[in-house]
Amino acid sequence: MGILAEAIDLKKYHSLGTGFLFSEKKGEIKAVDGVSFSIQDGETLGLVGESGCGKSTLGRTMLKLEEPDSGKIIYRGRDITHLKKNDLKWFRKEVQMIFQDPRSSLDPRMTVGDSIEEALIIHGMGNEEERAEMVEELLLKVGLETDFMTRYPHEMSGGQQQRIGIARALAVSPKLIIADEPVSALDVSVQAQILNLLSDLKSNLGLAYLFIAHNLWVIRYISDRVAIMYLGKIVELAEKKEIFENPLHPYTIALLSSLPGKKNRILLKGEVPSPVNPPQGCRFHTRCKERFNICDKIEPELREIRKGHFVMCHLYHD
Ligand code: SF4
């Protein structure tokens, strides 16, 4: 398994706009603030954190839907950070996105067949007859009958709409799918079906996923490795088993303590600090039970503590 995609010290800030005087900046939301990780061929990297921690911005930046402010995005060994739209056509075909709300990615006036075919037309794939065959195959792949071709989005359930969203993403035979909360808008029973589908597609088609979610159960079900994000930073990253059985970062430990069956639930005190002015030193120090003298002064680095287990916390550094 080789490295498929990589982020190196990636930063993405969102401007809060200008004040009365145009030169007067109101500040910046440091949504992604120096993040590094890689995704291997055929693996699912789960990205988890509280709402507002920057995980969706990180997904959109990896897909170049948002331009990074600094750092690098490497895809299949190629630096694509500064490539412009015309040089990114091959990348747009290889990396697709699945959204939280499938309705937002489906045109209500288009039939399901036209909607999936549109994705094929955009990428210049097949003639009319071949595309009709491809649409049928894609519907079957995502577990829908071919008579769905003539239906409209409003005639379908949320789960069926998400299957169409997945079929559209699969239309161009991607290698990597960035899935941003793809099941959080669905009923619990349907969530499991969509997760099973994504998992089967991964095995059958050799897909890799960057799977973004706030729900730990979902992350545990789908991921091979897990990255924990807090206030614009990845604070812990390891194999799924290692994260769930041996979490090290105090934030991860608190998050996991909320899972059903855990005895000592750790309630995090205080609000998540603002990403406009994140705390000095370790960003988690304002809510951390373990903090000590240097935590509010020196920012820890994300370091490999054990093979493949990275933690950003002074407790584990010499
Ligand atoms: Fe807590 Fe300090 Fe570790 Fe931050 S560096 S998580 S404040 S112990």
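What covers the buried residues of helix 4 includes helix 3 (112–122) and helix 5 (158–170). The model described here is predicted.

**Helix 4**

Helix 4 spans residues 128–141, 14 residues in total. From its first C-alpha to its last it reaches 20 Å, close to the 20 Å expected at 1.5 Å a residue.

Which residues of helix 4 are buried? They are R131, V135, L138 and L139. Viewed down the axis of helix 4, the buried residues fall within an arc of 100°, so they line one face of the helix. On the other side of helix 4, E129 and L140 are exposed.

Both ends of the helix deserve a look. After helix 4 comes G143, whose phi is positive, near 80°.

**E66**

Where is E66 found? It sits in the loop between helix 1 (55–62) and strand 4 (70–75). Is E66 buried or exposed? Its relative accessible area is 14%. Buried means under 20%, so E66 counts as buried.

Leaving aside residues up to four places away in sequence, E66 touches K12, H14, T57, R60 and T61. The side chain of E66 makes polar contacts with the side chains of H14 and R60. The table gives the distances.

| Side chain | Partner side chain | Polar contact |
|---|---|---|
| E66 | H14 | 2.7 Å |
| E66 | R60 | 3.1 Å |

**The sheet**

How many strands form the open sheet, and in what order? Four strands form it, in the order 2-1-4-5. The pairing is antiparallel. Strand 2 (28–40) and strand 5 (78–79) are the edge strands. Each of these two pairs on one side only.

Strand 1 covers residues 3–15. Strand 1 pairs with strand 4 in the antiparallel sense, over five bridges. A5 stands opposite Y75 in strand 4.

Helix 1 lies across the sheet strands 1, 2 and 4. Helix 1 runs at about 120° to strand 1.

**Putting the parts together**

Methods. Residues numbered from 1 in each chain as written. Predicted model: local features only at pLDDT ≥ 70, side-chain atom pairs only at ≥ 80, totals over all residues. Heavy atoms only, no water. Expected span 1.5 Å × (residues − 1). Buried < 20%, exposed > 50% of the residue type's maximum accessible area, 1.4 Å probe, protein only. Arc of directions from axis to C-beta. Contact = heavy atoms within 4.5 Å. Polar contact = N/O pair within 3.5 Å; in protein donor to acceptor, adjacent residues only side chain to side chain. Pairing = 2+ DSSP bridges. Axes fitted to C-alpha atoms, helices over the stretch in contact; angles between N-to-C directions.
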